[in-house]
Amino acid sequence: MAFEPPQRLVKALGETYGDAAAAEWLGKLPGLADQVLDHASLDAERVLAPGGRSSLVVLVRRSDGSPAALKIAPPFSRPEREREALAHWNGWGAALLLDEVEGTGAGALVLERLHHEVSLRSLPEAKALLEAAGTVRKLWVDPPAEHGFETVTERTARQAEAMRPHLSDAATGELTAAALAAREELVAGGAETLLLHGNFRQGKVLAGDRAPWLAVGPEPLVGERAYDLARLVRDRVEDLVAASSGASAARRRVNKLADSLDLDRDRLHGWTLFRAVESGTRALAAGRRQEAELLLEFASWL
């Protein structure tokens, strides 16, 4: 079958890793996909579209006829870290890692097939947040010994450097300064060293057969739970911005989620601010102005 990468993947890889690196890997992708399928004795059904932003996902059948999902990611996205996290969780709160395809030079994982068309975003907001909280708490475990995961401090240090040029911008300078100050205070006082999903939100939790809801697509790192929960706080940000009570609703959501998972409200508030401004300034730099405006308006309410 033809392995035409979905446009969402093409665009996201170019924005994140640069057009040259993305184009080089995408050019090799059809051959890599054929090689992986043959090596792992998998029969392809179809490419999942619009799919993810960091990997090609192909719905497949294993040699025994059972359904699975094949995920092929570029080496510069460090797919080995996702493999390590999924193996450590071993299906507890997350999709089960069925096999790692070795010997092909591709970052390829064979995963439990979930119902990709049904995420927590299909539920009413209150129910979605409740199920999300129940799912993410399962993922917060001690990391494996001798792990290679980066820390929250390390990841956010890189992000903070990329944000600094926005300090001189009249439209974003004040918010960026507040976000960077919040990060400095947070990393100075963080003590937790738990394994985190890294990109947890409603769209990353899919319906399953083995369990009602399971997380997918981790960008794992080690640190405090409040960092992991901060991305979830701004889910459905477009609805919050459109609502007349959006500002107060956003602040209530911070408090409600913090209380439901026994987290410090101030730390969740701080990480929510930092992550919203970081995403907003990154979207602005990539030319996604509408997305940037939504995120920065949300951040201004905090």
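**Helix packing and burial in the predicted model**

In this predicted model, the crossing of helices H5 and H10 is left-handed. Residues Val152, Thr156, Gln159, Ala160 and Met163 supply the H5 side of the contact, and Trp271, Phe274, Val277, Glu278 and Thr281 supply the H10 side. Sorted by class, that contact comes out at 6 nonpolar, 3 polar and 1 charged residues.

As for geometry, two packed helices are described by the angle between their axes and the distance between the axes. Here the axes of H5 (residues 152–163) and H10 (residues 265–285) come within 10 Å and cross at roughly 45 degrees. Angles from 65 to 115 degrees count as roughly perpendicular, and those under 35 degrees as roughly parallel; H5 and H10 are therefore oblique to each other.

Helix H1 spans residues 7–17, and its buried residues are Leu9, Ala12, Leu13 and Gly14. What do they sit against? The buried residues of H1 pack against helix H2 (19–39) and also against strand S2 (56–61).

Helix H7 (residues 225–233) is mostly covered, with 9 of its 9 residues buried.

Methods: Residues numbered from 1 in each chain as written. Predicted model: local features only at pLDDT ≥ 70, side-chain atom pairs only at ≥ 80, totals over all residues. Heavy atoms only, no water. Axes fitted to C-alpha atoms, helices over the stretch in contact; angles between N-to-C directions. Helix = DSSP H or I, 4+ residues; strand = E, 2+ residues; numbered from the N terminus. Parallel < 35°, antiparallel > 145°, perpendicular 65-115°, else oblique. Left-handed = near helix turned anticlockwise from the far one by under 90°. Contact = heavy atoms within 4.5 Å. Nonpolar A, V, L, I, M, F, W, Y, C, P; charged D, E, K, R; others polar. Buried < 20%, exposed > 50% of the residue type's maximum accessible area, 1.4 Å probe, protein only.
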